Amino acid sequence: MSRAAKATLAVSIATTVGIVWGVHFLQKQEREARIGVQRDEARQAERRQRTADLERQRERERGLRTIQPIDAPDASTTHRI
């Protein structure tokens with residue numbers, strides 16, 4: 001095996017070990033600090049907010065459609081280019 005191949009293999013192994021160690025380290029920190037739970041709660045709150053915004057938009061659209069109904073376009077009224 002050439003020196004370049006050995007060096008590439010060594011760098012690949014070292015990088016893989018570093019990444020695996022880093023992930024485990026971060027997971028341990030999150031578990032200790034309960035960051036994961038806080039992140040989940042924040043995501044759930046954001047989802048509830050988005051759902052409420054969507055419902056408000058739907059209600060607004062319903063109200064606007066009562067004022068000005070929108071008809072589906074007929075095949076006869078479409079413009080041809």
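These notebook entries record what I looked up in the structure above.

**Entry 1: ground rules.** I noted that the model is predicted, that local features need pLDDT of at least 70 and side-chain atom pairs pLDDT 80 or more, while totals for chains, interfaces and linings use all residues. I also noted that residues are numbered from 1 along each chain as its sequence is written, and that side-chain values use heavy atoms, with hydrogens and water left out.

**Entry 2: the chain as a whole.** I looked up the secondary structure and found two helices and zero strands in the protein chain; both kinds of element are DSSP runs, numbered from the N terminus, with helices being H or I of at least four residues and strands E of at least two. I then turned to burial, where buried means under 20% relative accessible area, exposed over 50% and partly exposed in between, with a 1.4 Å probe and protein chains only. Of the 81 residues of the protein chain, 1% count as buried. The accessible surface of the protein chain is about 8000 Å², and carbon and sulfur atoms hold 57% of that surface; such areas come from the Shrake-Rupley method with a 1.4 Å probe, and for residues only the protein chains shown count as cover.

**Entry 3: helix α1 and its ends.** I checked the length of α1: its 31 residues, at 1.5 Å a residue, should span 45 Å, and the end C-alpha atoms lie 44 Å apart, which agrees. The expected span is 1.5 Å times one less than the number of residues in the helix. Just after α1, I found Arg34 with a positive phi of about 55 degrees. In the segment before α1 I found Met1, which is exposed at 72% relative accessibility. Met1 also belongs to a nonpolar surface patch with Leu9, Ile13 and Val17, and together these have about 440 Å² of accessible area. A patch is made of residues with over 30% relative accessible area and no salt bridge, with like charges joined within 9 Å and nonpolar side chains (Val, Leu, Ile, Met, Phe, Trp, Tyr) within 5 Å.

**Entry 4: aromatic rings.** Rings of Phe, Tyr and Trp (its six-membered ring) pair if their centres lie within 6.5 Å, and planes under 30 degrees apart count as stacked, over 60 as edge-to-face and the rest as tilted. I counted one aromatic pair by this rule. The ring centres of Trp21 and Phe25 are 5.2 Å apart and their planes are at 15 degrees, so this pair is stacked. Trp21 and Phe25 are four residues apart in helix α1 (residues 3-33), and so about one helical turn separates them. Trp21 is exposed at 58%, whereas Phe25 is partly exposed at 38%.

**Entry 5: salt bridges.** I found six salt bridges in the structure, each being a side-chain nitrogen of Lys or Arg within 4 Å of a carboxyl oxygen of Asp or Glu. One of them joins Arg39 to Glu30 at 2.6 Å, N to O; Arg39 is partly exposed at 36%, and Glu30 is partly exposed at 31%. Another joins Glu46 to Arg50, with the closest N and O atoms 2.6 Å apart. Glu46 and Arg50 are four residues apart in helix α2 (residues 35-67), so about one helical turn lies between them. Glu46 is partly exposed at 41%, but Arg50 is exposed at 56%. I also noted Arg62 with Glu55 at 3.8 Å, N to O, where Arg62 is partly exposed at 47% and Glu55 is partly exposed at 33%.
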